[in-house]
Amino acid sequence: MRMLEGEKVTKYFGGLAAVSEVDFYVEKGEIFGLIGPNGAGKTTLFNLISGAFTPKSGVIKFKDKKISGLKPYKICRMGMARTFQEVKIFTNMPAIQNVALGALFGTPKSLSPAKATKEAGELLDFVGFSVPQDVPAGGLTLVNQKRVEVARALATKADMVLLDELMAGLTPTETAEAMELVTRIRDRGVTVFMIEHVMKAIMGVCDRIMVLHHGEKIADGTPQEIAASKKVIEVYLGE
Amino acid sequence: MPESVITILDLAIGGLLLGAIYALIAMGLSLQYGVARVLNIAHGEFIMIGAFATYTLYTVFGINPLLTLVIVGPIIFVIGFLLHRTMFRRLSITAPTPDAYEASSLLATFGLLFIIQNLALIGWGATPRAYSYLNFGVNIGGAVFTANRLVILGFAVAIGVGFYLFLIRTRMGKAIRAAAQDAKTAGLMGVNINLVLAICFGLGAVLAAVAGTLMSMRISLTPTIGLNYTVISIIIIVLGGLGSIPGSFIGGFILGIIGTVVTYYNPSLSLAAYYFIFVMLLLVRPKGIFGK
Amino acid sequence: MDISVFGSRKLWVAGLALLILVALATLPFYGSLYMTILMTAILMYIIITVSWVIFSGPSGYLSLASAAFFGIGIYASAILLPTTGAVLPVLVVVLIAGALSFVVAVLVGFLTLRLRGIYFAIFTFGLVELIKQFLLFWEFEVTHTRGRYVLLVDSRTIFYIMLGIFVALILTAYFIRNSKFGLALRSIGENEEAAAHSGVNVTMVKVITFGISAVFMGAAGATIAMRWTYIDPYIAFNSLFSFLPVLMAIFGGLGQFYGPVIGAAIFAYLEETLLTKFPYYYMLIFGCVLVGTMLFMPFGFTGLIQKGWRRLIGGQHADA
């Protein structure tokens, strides 16, 4: 089943088309990748999907229900969560409370605070959080902050997560761990849609990939097809 | 001339006059908020000071109000310039984010409001004052219009045009327009941004004072009139689009014409009309006409 | 963390609070009339400040509407308690005032809280003027009166009502802090976009919090109006009450909870001495204090309010 579908999704900022007539779909249980040069419109597309922006035209459907135009909190409760390029955590709250927040507010049916905290703890372990769980999130290293964000997204009992440049700023070891985490997330039954710049990561982990350039989709297919595509190579000028 | 045509002409002149005054005030605030990023809640107080200075110079020293324009203008400019240089500059340095700067500068101008208004109350007292200047009729084609209205309209338009030419033709004007678009980049491109911001603030204050001087010929003055004009100029800059100087110019005329027409039917309703427009704006199109 | 130490600290604070409450409640019996009146004013300033902080602190939205809600409360008293004998019991009037303020706040909130903070600041600032002009128009055109005379209520009753509002406010703030709602509110202040994407209905939380903060301001206004003989739109809607809470909250950010309390005490005293004799000098000093405070704030405004909010309301964690 198609978990997420977008048809002719378009968004303008001023006179400029940030995203232009983009069609895409993500199958349930896939790891779907989104790549493209800076400014291609990748994060804008995520913002359109998660409800931060409303498309000018086009439709986005999640689990066959139209979500374009809905507020972010509604989309979250329907089962879609995301992380952000500039890690958005609650700096003055303990890590575990950050995650518990997702469990408290983002789930289709609300949880008790005790249960939410318990699940938060388990999720922090799942993502490989490596320091005491009550440390204020602002004092964490980047990789642990990203883990908190991912755990928070999972805490909402999401059926699909949007990961925006999870690997940005990570060391090679951390990147490998992150790749492995993405696979484990999928194995849990959560569909993954990820934006990445780190080619090795995305080629290694994704089932299918879509390429955006200047807001338009220029290619989509398996990693092999993308790697062989002349158009993509031109656009990236040999990454 | 038939009665109805005179009424229409009267309304037209009134609308243009009010529009021109509003345009001046709004452009002033737009310079301060759009470029220097200071929402000057004390803007109306500069209008009031301009008005009172004119009143005092005329009634005590017999100085022609139109001459006061050139006296008060530079003084207010220096005051506004120095205010920015000292107070707002310091606030922008200590603020952690641009939003924090907007908030703290807004609050600082709130404090200024109280200082200026109460100094005026101490100095001039609360009783309304007025003076009479060019208060005779001018006969144009059978219709009679008050001379000072025509003079105010003429001067307001002249100042507006002068300001426009300044923005378009001079180097400083171009620097200001660049800074209005993107202050940081303008600074990187070699514009002395601190100087430009301070100048903008000073110019904004001058436009207010000039409007006050012109208005003082026709209205009754108390030190509390400022707040009303501040709110009106805020509505105009939202209407025109926050940060857009041409927007505030056009917005000023729109509100001036609407205000004049509404006043013709019921004077107490004009402010209600402005607020109605404000609420509609926020509901339907918050970014206004030319907003980003 | 040693739990027993933590427990006894909580007990200590609760005990102190109870002591203060008892001391206040019995004030009219051992204190002079002047002290009762002064204390009423101090409580009023604290109520306005804490109400303001409840919303503007965590949300980061600068509200300049305090004078509007305060004024609505004052006018509710003016309309519902005419000199020709009270139609409604005094307490009911206060409740109505609070409810009215809530409704207005929620309307304004829905209109402006979905926009950028500057629109909110602008509109709340204009709201005071808007309501004032509307009432002036109403009185001029419709009722052909100017201002209203209020039934005077005795100072002791006024004091107890104000104390009641104060206690209700503190209890509300406590419950907000310890509830899921309070957590949502804090998350909005920390990072609104992350909160929205984590399932928090940010608009609803902001609007309701704004409404709650307005309730207490309206109630306080209705109460203090019973001490004034004559009310007109100029008296009721004074921008001073929009920036007073901001100023006192800024002091609160510097120190402990005592900041706003000390600030309130000073302002109340100044009001009693200066306001009637030299109103202009009073407001002039005010303006200078505000400007001076803004200039010499080491951390800038928002950070301070956030810190003040966390100190005021506390938290279940170590303060970063």
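A: What follows walks through individual salt bridges, one pair at a time. The model is predicted. Across all chains, the count is 18 salt bridges.

Start between chains. E193(C) pairs with K88(A), and their closest N and O atoms are 3.2 Å apart. This contact crosses from helix α9 (residues 192–197) of chain C to the loop between β6 (80–82) and α3 (95–105) of chain A. K88(A) counts as buried, at 14% relative accessibility. E193(C) is partly exposed, at 30%. The pair also belongs to a network: E86(A), K88(A) and E193(C) are linked by salt bridges.

Now chain A. K63(A) forms a salt bridge with D159(A), with 2.4 Å between the closest N and O atoms. K63(A) lies in the loop between β4 (57–62) and β5 (65–66), and D159(A) in the loop between α5 (142–155) and β7 (160–164), so the bridge ties together parts 96 residues apart in sequence. Both ends are partly exposed: K63(A) has a relative accessible area of 25%, and D159(A) has 29%.

The side chains of D10(B) and R149(B) meet in a salt bridge at 3.1 Å, N to O. D10(B) sits in helix α1 (residues 3–35) and R149(B) in helix α5 (residues 147–169), 139 residues apart. R149(B) is buried, with a relative accessible area of 12%. D10(B) is partly exposed, at 30%.

Note on methods. Residues numbered from 1 in each chain as written. Chains lettered and ligands numbered in written order. Predicted model: local features only at pLDDT ≥ 70, side-chain atom pairs only at ≥ 80, totals over all residues. Heavy atoms only, no water. Salt bridge = Lys/Arg side-chain N within 4 Å of Asp/Glu carboxyl O. Helix = DSSP H or I, 4+ residues; strand = E, 2+ residues; numbered from the N terminus. Buried < 20%, exposed > 50% of the residue type's maximum accessible area, 1.4 Å probe, protein only.
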